[in-house]
Amino acid sequence: MRYKGEYNMKNRNRYISKASAVCFILPAILVVGLLLLYPVASSVFYSFTSKNLIKATYKFVGLKNYIKVLSDPLFLSSFVNSLKWTVLSLIGQVLVGFTAALALNHIKKGRGIYRTILIIPWAFPSIVIALSWKWILNGVYGFIPHLLVKLGIVNELPQLLTSKGLVFGTLVFINIWFGAPLIMVNVLSALQTVPKDQYEAAHIDGASRLQSFYHITVPHISVVVGLLVVLRTIWVFNNFDTIFLITGGGPANLTQTVPIYAYNVGWGQKQLGVSSAVTVLLMIFLLLICAVYFRILNKMEKESPQ
Amino acid sequence: MRRKRLKSSLFADTVSYSYLTVLAVFAAFPLLWILLSSVKGKGELTGNPTSLLPRTITLDNFRIVMGQLRFGNNMINSVIVAGSTTLIGITVAALGAYGIVRFFPRFGKVLTRILITTYMFPPILLAVPYSILVGKFGLVNSRIGLIITYLSFSVPYAVWLLVGFFKTVPLEIEEAAHVDGANKLQVFIRVVMPIVTPGVIAVAIYTFINAWNEFLYSLILMNSTNKMTVAVVLKSLEGQEIMDWGVMMAASAMVVIPSVIFFMFIQKRIAGGLAEGSIK
């Protein structure tokens with residue numbers, strides 16, 4: 001392909017190739033720009049206005065929405081609930097997911113079948129999570145309450161989803177049930193990247209199982225686990241469906257988290273401007289959390305053997 | 001020494017298997033209970049809450065779901081919305097992921113970071129502008145409006161997963177095709193795609209499941225019953241007189257079974273993706 005005018009051809013080809021290469025990523029950029037960045041920017045904009053769900057007109061109100069939100073005791077209690085919800089769910093999910101991954105990694109027979117059964121919750125739509133658990137835990141006909149009475153653990157049917165003392169714990173349990181499989185599967189695939197010969201070498205050197213776990217396994221998977229925890233934190237913090245569909249934030253706002261608060265303000269009270277302010281605050285908080293997390297992760301990554 | 005090792009491994013085996021068995025019971029129970037409840041008769045559901053197996057099997061609940069509730073209609077809505085989201089989303093994401101890997105590795109890194117950041121956006125944050133925008137364009141109660149909003153979470157995640165698959169395609173094969181005179185798009189369709197097809201299918205199915213399962217945007221944008229997706233119509237039916245738990249479990253079974261079956265097919269491919277995509 002070398003003939004006269006090669007220089008020009010090459011230049012032209014390079015021009016065309018650049019343009020055609022852009023065509024590949026253009027749609028994705030448009031999606032990100034129009035469906036993600038622009039709406040977020042407009043959310044920030046609306047958070048300074050009196051935008052209403054039904055009325056067409058709105059005016060600027062400055063920081064009024066933010067002041068209103070931050071001085072609302074219900075917002076503050078929702079925020080505390082969100083923190084509680086996130087921290088407890090996450091601890092449970094990581095604990096169960098991690099130990100399940102270790103157990104799966106240990107066994108030799110039946111790993112596939114156990115894994116397949118254990119990931120079932122992951123596929124559940126939020127509405128079915130809600131309906132199935134509401135039915136299983138139902139205070140009149142529910143399987144679990146009746147089972148607990150039959151086994152003699154409690155004397156009367158426990159109201160797991162409506163009693164003030166039990167509801168939060170029940171929700172966290174359901175969220176652990178739903179979220180542990182994702183942690184399990186990712187930790188398992190990280191565990192399988194640990195080179196086997198390192199364990200053998202450690203064994204020959206007389207290291208105990210606990211020692212090789214601590215010195216070989218943990219450093220190898222810490223980055224993956226760290227990243228998982230970051231993503232899960234965000235996801236659990238943002239979660240709207242699970243609680244909204246199971247308790248709607250009740251009883252007496254006891255399980256109301258920030259996303260549900262934002263929904264109630266925006267669609268219940270029709271105050272989209274105020275609702276925007278809530279979601280922007282939520283976003284800022286998550287960005288801060290992420291900044292801290294990623295700083296820690298970077299540090300860990302530098303120290304890890306990979 | 002050897003004996004001790006054997007003994008300890010027997011102990012570890014026992015612990016592992018019993019632990020996993022307990023977890024498996026918890027993991028599978030809700031699905032099992034949905035299925036069992038959906039075929040039990042009315043009296044049996046309320047009469048004996050702890051009996052596992054149904055004494056008689058009836059399909060009455062499914063008849064009510066399909067007949068009186070016209071659930072089939074909503075199933076079709078969900079299939080159309082999730083299917084279109086998948087088709088459009090995967091096309092956009094596959095082109096984008098390939099472009100990032102092959103042509104813009106440096107800018108791609110920035111773009112991937114942005115994509116991961118968008119993963120943090122609370123869905124409720126986007127819900128406000130979406131409801132305003134969709135209203136402006138007159139797309140309330142329209143499947144098209146819903147599909148567009150679904151691209152917002154499908155595309156970033158799919159790009160993220162696909163980047164990992166495209167990285168495995170050896171450059172030499174593509175170069176050979178280029179020498180034979182094929183242009184970029186031809187190389188992409190005829191050479192690259194066949195190599196990554198299994199991965200792309202897995203990501204497509206995952207996208208479909210997520211769209212099928214989605215609730216919030218559908219709740220906000222669809223408000224007439226015959227236009228609703230399955231998730232939202234189930235919510236709206238809750239508490240209505242016609243709905244007893246048996247009927248609700250029958251409808252739930254029809255929503256959850258496709259998700260679970262699809263997920264079983266792709267779990268091996270998708271599963272580690274989150275961790276791998278982030279490291280490679």
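Is Ile261(B) buried, partly exposed or exposed, and what is its relative accessible area? I looked this up and found Ile261(B) partly exposed, at a relative accessible area of 44%, where buried means under 20%, exposed over 50% and partly exposed in between, with a 1.4 Å probe and protein chains only.

I note that the model is predicted, that local features need pLDDT of at least 70 and side-chain atom pairs pLDDT 80 or more, while totals for chains, interfaces and linings use all residues. Residues are numbered from 1 along each chain as written, chains are lettered from A and ligands numbered from 1 in the order written, and side-chain values use heavy atoms, without hydrogens and water.

Patch on chain B. I located Ile261(B) in helix α12 of chain B (helices are DSSP runs of H or I with at least four residues, strands runs of E with at least two, numbered from the N terminus). Leu35(B), Ile257(B), Ile261(B), Phe262(B) and Phe265(B) form a nonpolar surface patch with about 460 Å² of accessible area together, and helix α12, residues 245–271, gives the largest share, four residues. Accessible areas are from the Shrake-Rupley method with a 1.4 Å probe, and for residues only the protein chains shown count as cover.

Chain A. I recorded 12 helices and zero strands, and 50% of the 306 residues counted as buried.

Definitions and conventions:
Patches are made of residues with over 30% relative accessible area and no salt bridge: like charges are joined within 9 Å, nonpolar side chains (Val, Leu, Ile, Met, Phe, Trp, Tyr) within 5 Å. A salt bridge is a side-chain nitrogen of Lys or Arg within 4 Å of a carboxyl oxygen of Asp or Glu.
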